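Open the model in your viewer and keep the sequence beside it. The tour below goes from the whole chain to single residues.

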Amino acid sequence: MSLREQDGMTIVELLVGMIIGVILLLAAFAILDRAYSANREAAERSEASQRGRLAMENVVRTLRSQVCIGASRASLTAGNANGLTLLVDLSGGSSPPERRSITYTPSTRSLDEAVYPGSGTFPNYTFPASPTTTRTLLINAGQADTTPVFSYYAMDPTSGRGANVALPVPLSTADLSRTARIAVAFTARPERATVDANSTTLHDDVYVRSADPLNPTGGQSCL
């Protein structure tokens, strides 16, 4: 009885099949690698955005809590491009105000806040020479392009179009009381990143208000 003829694959067919298989495998790996990279970039952008927003909320919260003491119209006691010092009240008047300093340090890319609690009674409050509390608001922070982290503006008396007159830094004694708007801008990049890829830029403004005319002896509410 004759056996049935059985034909196998030729070497050429085997090589072609292997080449096609390798191409498909490489394409699959490339897709997986790109998907992983895209997922990592999205996660880093989300992380940077969340950390940046939290830091900005803390900065704005402090700026919106400014108070003026006594006859002084200035809650700011110092201000430059990378930091400011101001008097704040976060207790709703139940305790003495605090002096707080927010500082961006370019060498460490860190945004920090120092707290100097007040003591005494209105308007004769005193503050310690050294902060009792310090905390880092944001690590891996940076400047937004060439924009200073803090910018200060006075009211424009000629046009009446708001606080649009840029004040030079560091603020002089006269300009401390003229400041009507504080602009904040910085970038936040992923916590473990060493370059600005996937960073997020944040901007916000805080407007300073005048004293409360209905309560002239209760200290000035600057914001």
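Helices and strands here are DSSP runs, helices of at least four residues and strands of at least two, numbered from the N terminus. This is a predicted model. Colour it by secondary structure: the protein has two helices and 12 strands. Followed along the sequence, they come in the pattern α-β-β-β-β-β-β-β-β-β-β-α-β-β.

Next, show the surface. Of the 223 residues in the protein, 36% are buried. Among contacts with a separation of 6 or more, 55% join residues 24 or more positions apart.

Now hide the surface and go to the largest nonpolar core, which has 29 residues. Select Leu84 and Phe150, the residues with the most contacts inside this core. Then select the elements that give two or more residues to the core: α1 (11–63), β2 (83–88), β3 (98–105), β7 (133–139), β9 (150–154), β11 (179–188) and β12 (200–207). The most comes from α1, with five residues.

Stay on Phe150. Which residues is Phe150 in contact with, leaving aside its neighbours within four places in sequence? They are Val59, Asn80, Ala81, Asn82, Gly83, Leu84, Ile102, Ile182, Ala183 and Val184.

Finish with the rings. A search of the whole structure finds one aromatic pair. Select Tyr116 and Arg99: Arg99 lies over the face of the Tyr116 ring, 4.6 Å from the ring centre. Then select Tyr153 and Arg181: the charged end of Arg181 sits over the Tyr153 ring, at 4.0 Å from its centre.

Notes:
Residues are numbered from 1 along each chain as its sequence is written. This is a predicted model: local features need pLDDT of at least 70, side-chain atom pairs count only at pLDDT 80 or more; totals for chains, interfaces and linings use all residues. Side-chain values use heavy atoms; hydrogens and water are left out. A nonpolar core is a set of buried Ala, Val, Leu, Ile, Met, Phe, Trp, Tyr and Cys residues joined through side-chain atoms within 4.5 Å. Buried means under 20% relative accessible area, exposed over 50%, partly exposed in between (1.4 Å probe, protein chains only). Contact means heavy atoms within 4.5 Å. Rings of Phe, Tyr and Trp (its six-membered ring) pair if their centres lie within 6.5 Å; planes under 30 degrees apart count as stacked, over 60 as edge-to-face and the rest as tilted. A charge sits over a ring if NZ of Lys or CZ of Arg is within 6 Å of the ring centre and within 35 degrees of the ring normal.
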